[in-house]
Amino acid sequence: MACTARLTAAAIIGGCQDVFEGVRAVVDVGGGNGTFLGMVVKALPQIQGINFDLPHVLSSAPHWDGVEHVGGNMFESIPKADATFLMQVLHDWSDSECIHILKKCREAIAEDGNGGNDHGSDVKLKKSKKVVILEAVLDDDYNGERQFEEEEDSELQSWSGIRLSLDMVMMAHTNGGKERTRSEWAHLLAEAGFSSFSFKPTSVIPSVIEAFP
């Protein structure tokens, strides 16, 4: 997971920095030893990082400048922040469990009710309040041979097949976990109460899914 976090963090910092626009505090839910958030905060030191995971996981987590380790259970509550990140967490869980986790994430980014009268600031604040999901996104109409031909000359060559392989891994190693298509992600986010969301491909296997309350 730490190895995957290094690759994903580098891709996000290098190609999707707009995800952090206006964000002052980030909670990495299920962040493990803090590798992902540590790299993000090092590149963007204006961000306050909270690495959130089970206490026994954090007991061996190293120190990262600008990152606070906070123990807890994402099924119960998540620390407040502008944005919550979930990197390859939801693929471990069933649809109903994902919806529960996403609702907890939405609660964590809820407005505090202390907004001012500056309309421009309010717009920026609302834009920064988000849940960011970093997960493989399967094609709704995947066709292996056609997809390979389309991706043959791109950075994403054969990655659709790898994403399907990951789906099989989740089926074998979890109870209800799986990789999901765009329409399946859209269903989960709608059920969790998000008003809008977007998908952005990256230079690595996970895509960036931004969900807004």
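A charge is said to sit over a ring if NZ of Lys or CZ of Arg is within 6 Å of the ring centre and within 35 degrees of the ring normal. In this predicted model, local features need pLDDT of at least 70 and side-chain atom pairs count only at pLDDT 80 or more, while totals for chains, interfaces and linings use all residues. Residues are numbered from 1 along each chain as its sequence is written, and side-chain values use heavy atoms, with hydrogens and water left out.

| Charged residue | Ring | Distance to ring centre |
|---|---|---|
| Arg180 | Trp185 | 5.6 Å |
| Arg106 | Phe194 | 6.0 Å |

Across the whole structure, a search finds four aromatic pairs, where rings of Phe, Tyr and Trp (its six-membered ring) pair if their centres lie within 6.5 Å, and planes under 30 degrees apart count as stacked, over 60 as edge-to-face and the rest as tilted. One of them joins Phe20 and Phe85, and because the ring centres are 5.4 Å apart with the planes at 5 degrees, this pair is stacked. Phe20 lies in the loop between α1 (2-15) and β1 (25-29) and Phe85 in strand β4 (residues 83-87), so the pair ties together parts that are 65 residues apart in sequence; helices (H or I, at least four residues) and strands (E, at least two) are DSSP runs, numbered from the N terminus.

Phe85 also pairs with Phe36 in a tilted arrangement, 5.9 Å centre to centre and with 40 degrees between the planes. Phe36 belongs to helix α2 (residues 35-43), and this pair links parts of the chain 49 residues apart. Phe20 and Phe85 are buried, as is Phe36, where buried means under 20% relative accessible area, exposed over 50% and partly exposed in between (1.4 Å probe, protein chains only). Phe20, Phe36 and Phe85 form one aromatic cluster.
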